[in-house]
Amino acid sequence: MTTTKIQSASTVSPAPTGTGSRGTKVLGGFALVFLVIAVVYGLFISPPDAQLGNTIRIIYMHVPTVMAAYLAFIITAVSSGMYLWKRTEFWDLLGSSAAEIGVLFFAVTIVDGALWGKVTWGVFWRWEPRLTTSAVLLIMYIGYLAVRAIPADPRTRATRCAIIGIVAIVNVPIVHKAVDWWRGLHQGKTVLGTIDPEMGGTQLFAMYSSLIAGLLVCVWLLIHRFRAGFLAERASDLGLDQALEERRLESSPATGEDA
Amino acid sequence: MNSSNLTETLCIVGAWLVTFGAVGAYGAAVILRGRRLSKIVPPEQRRWM
Amino acid sequence: MSQSGGVLSDAVLVARKDLLLERRAKIGIGQVLPFAILVLLLFAFALDPDRGILKLATPGLFWVTVLFSAVLTLQRSFALEAEDGILEALRLSGMSPAGIYLGKVTALTIELLLLEAVLVLGVAVLYDTKFLGIPLLFAIALLATLGIAGAGAVYGALAARLRSRETLLPLLLLPLLAPVLIAATRGCEVSLEREAMSGWSWAALLGIFALVYLTLGSFLFRPLLEDA
Amino acid sequence: MSAIVHLRSAVALIGRFPALAGVNLDVHAGEILLLRGPNGAGKTTLLGVCAGLIGLSTGEAVVLGEDLTTNRRAVRRRVGLLGHDSFLYQDLSVVENLDFWSRAAAATVADGRAALDRLGVASRLFELPVHSLSAGQRRRVSFAAMICRRPELWLLDEPHAGLDSAGRDLVDGLMSEAATSGATVLFASHELDRAEHVAHRSVTISGGVILDETPPSTETRADS
């Protein structure tokens with residue numbers, strides 16, 4: 001097999017055939033364990049909540065996804081800042097990968113929130129601060145992905161995305177404040193968003209295991225997405241050496257069409 | 001009463017299905033994309049840490 | 001770096017140039033303003049004025065109209081800089097990017113404030129609104145407009161060279177301006193005495209928004225001009 | 001004499017297309033160098049690199065003593081670029097454009113007016129908006145906006161294009177004058193008869209590389 005000199009402590013093996021590695025497999029395994037625990041406890045073992053009833057089982061999905069989304073957006077923001085400073089492909093890829101995963105989790109969060117609303121309020125949507133804030137933030141990051149999708153010079157595209165990543169994260173607290181004031185805060189903060197300290201033992205266990213599972217899945221996805229993005233960049237680089245050769249060949253005669 | 005119980009069950013199951021479905025589908029898409037790109041990119045450029 | 005002048009004089013130069021361009025081409029007065037008035041009329045058709053909905057919704061309708069007009073103004077303002085190699089010329093000129101940014105923001109703020117002044121008259125006549133709390137109204141208008149121009153100039157410059165800029169700019173900008181819409185609308189409701197809560201906290205929120213984006217824009221405009 | 005423009009193996013990408021595929025070029029102080037080559041050969045990109053507008057992906061570039069691989073901005077105020085685009089606001093009048101661009105480049109309004117005179121732009125055109133000028137008149141205004149900054153290095157992309165014969169003579173005169181007063185001129189042209197007359201030396205660029213590197217020496221110290 002191709003024995004490369006950059007073999008680290010990991011196994012001497014042929015190049016991977018995908019974005020997986022031993023690290024992601026271990027990580028994925030842990031995530032799977034916590035997911036199973038979350039399903040068993042969240043859906044079956046833990047009792048209904050005193051106030052929320054069975055809808056607490058939606059919260060078991062809602063909290064991990066929103067936390068994963070915020071984690072991803074924070075990674076995007078940090079990477080955006082680092083990109084403008086260091087100008088390396090690593091930070092660009094990390095930021096854009098995280099943004100995509102953040103949008104995924106955030107969209108799921110909003111759907112879960114609406115389903116929770118259907119049970120609790122009888123309607124899918126209420127102009128409740130957290131739902132509203134989330135919807136605005138989601139669209140902001142959809143804009144990020146829209147810009148990302150526009151074909152451009154890598155440096156140009158990365159710069160645009162980094163700027164949006166920074167601007168968007170700065171807006172998050174402002175949107176929160178504005179929407180909270182706008183609705184006069186009549187929805188208690190503990191219901192959607194943070195964990196209620198009054199929860200019982202198995203409920204808390206279900207909540208924490210699903211939260212850990214959510215964050216592990218988020219990181220696992222991020223690593224895979226980053227590697228897929230890296231491979232996509234290498235694939236488009238492939239033509240470069242050839243393009244340089246072809247470009248130099250243009251200088252041979254018979255191609256000139258002088259005006 | 002019965003119908004509200006049904007709504008509740010549907011919404012709870014729906015929330016879990018949406019979450020697992022969306023994240024699972026995305027994960028599968030990323031991994032398949034990675035496999036496809038790996039066939040194009042030469043092996044020395046795809047060593048992971 | 002800019003050896004002579006500096007940020008402020010560059011900003012003045014760019015702002016004066018933009019206002020001169022508006023005086024020569026009259027896009028704002030000739031096209032954006034009529035559009036804004038049209039939107040006000042359309043709202044009146046959509047929301048039956050006899051039922052009083054229009055009256056209740058006036059501040060919100062006013063600011064939504066301003067936001068739409070701002071998107072058009074921004075598009076025009078940065079389309080000018082993207083054609084005829086002007087962006088290259090600006091980079092070659094050695095002016096400080098922060099100066100160019102602040103100049104664009106200044107000109108945009110002045111143009112939008114003038115537009116709002118005319119719209120307020122339109123609202124007063126068409127919707128029969130009575131204005132109380134004038135100082136608060138002024139503060140809200142000024143701070144909200146600064147925020148719109150400050151955030152808008154960043155995204156306007158970013159979208160200017162994209163082929164899909166007409167659709168992309170509103171998608172990027174309007175969610176960003178959601179807090180401005182909320183704060184400006186609520187603040188105006190206070191100044192029209194429909195709400196009990198003090199309006200100055202809304203003005204403060206608008207002030208913070210404007211400050212944050214003016215600072216951010218001053219730093220981000222260099223990479224924006226160089227690489228975006 | 002050290003080189004005003006010093007490029008070694010310069011590769012510049014436009015998107016992922018290698019517009020420059022390894023250029024070696026030295027331009028010396030006071031020289032007028034003609035850049036020849038077919039369309040799409042990389043002439044415009046080369047001028048953009050020298051102006052500090054386009055970055056190199058690999059290779060060396062030192063222009064007016066500034067290393068462009070570390071800082072592309074420092075050189076910009078010291079060069080004058082005449083491109084395909086007019087670099088003018090179409091809705092502003094001739095003098096309004098000149099006033100703005102001269103002050104933007106830290107020159108004075110008087111410099112701008114003097115440059116207009118130098119380019120023979122008739123004063124009856126001063127108050128007209130740029131979009132109402134003919135192509136040749138606009139070219140003269142762009143040229144005036146370029147020389148009012150008193151650049152040390154002139155980078156001209158097709159300076160003769162769109163001009164009448166009087167205008168072309170004027171441009172040739174300006175180039176010679178600039179060279180005698182210590183500036184350096186690098187220009188691309190298809191008007192070979194005329195251009196070769198005014199140029200001290202010419203090189204041909206094709207397919208993103210310079211074909212005939214007249215100085216056979218490999219390193220910077222070409223001639224003394």
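A polar contact is a pair of N or O atoms within 3.5 Å; within protein, one of the two must be able to donate a hydrogen and the other to accept it, and residues adjacent in sequence count only if both atoms are side-chain atoms. By this criterion, ten residue pairs, both members at pLDDT 80 or more, are in polar contact between chain D and chain C.

The model is predicted: local features need pLDDT of at least 70, side-chain atom pairs count only at pLDDT 80 or more, and totals for chains, interfaces and linings use all residues. Residues are numbered from 1 along each chain as its sequence is written, chains are lettered from A and ligands numbered from 1 in the order in which they are written, and side-chain values use heavy atoms, with hydrogens and water left out.

The interface of chains D and C takes 24 residues from chain D and 29 residues from chain C, where contact means heavy atoms within 4.5 Å. The area buried between them is about 2,400 Å², with 59% given by carbon and sulfur atoms; buried area is the accessible area (1.4 Å probe) that two parts lose on being put together, summed over both. Three salt bridges are counted between chain D and chain C, a salt bridge being a side-chain nitrogen of Lys or Arg within 4 Å of a carboxyl oxygen of Asp or Glu. D:Asp91 forms a salt bridge with C:Arg76, and their closest N and O atoms are 3.3 Å apart. On the side of chain D that touches chain C, strand E6 (79–82) and helix H2 (94–104) of chain D are the elements that give two or more residues. Helices (H or I, at least four residues) and strands (E, at least two) are DSSP runs, numbered from the N terminus. H2(D) gives the most to this side, with five residues.

Of the four pairs of chains in contact, chains A and B share the most contacts. Their contact takes 47 residues from chain A and 30 residues from chain B, and the two chains bury about 3,500 Å² between them, 76% of it on carbon and sulfur atoms. Zero salt bridges are found across this interface of chain A and chain B, while five residue pairs, both at pLDDT 80 or more, are in polar contact between these chains. Helices H1 (22–45), H2 (56–86), H3 (89–121) and H6 (201–249) of chain A each supply at least two residues of the side that touches chain B. The largest share of that side, 13 residues, comes from H6(A).

Chain B does not touch chain C, their nearest C-alpha atoms being 24 Å apart. Chain B and chain D do not touch either, with nearest C-alpha atoms 17 Å apart.

Helix H6(A) also lies across E1 and E2 of chain D, running at about 55° to E2(D); axes are lines fitted to C-alpha atoms, for helices over the stretch in contact, and angles run from 0 to 180 degrees between N-to-C directions. These strands belong to an open sheet of four strands in chain D, ordered E2-E1-E4-E5 with antiparallel pairing. Two strands pair if DSSP finds at least two bridges between them. The edge strands, E2 (17–28) and E5 (66–67) of chain D, each pair on one side only. Nine bridges join E1 (residues 3–14) of chain D to E2(D), and the bridge partner of D:Val11 in E2(D) is D:Ala21.
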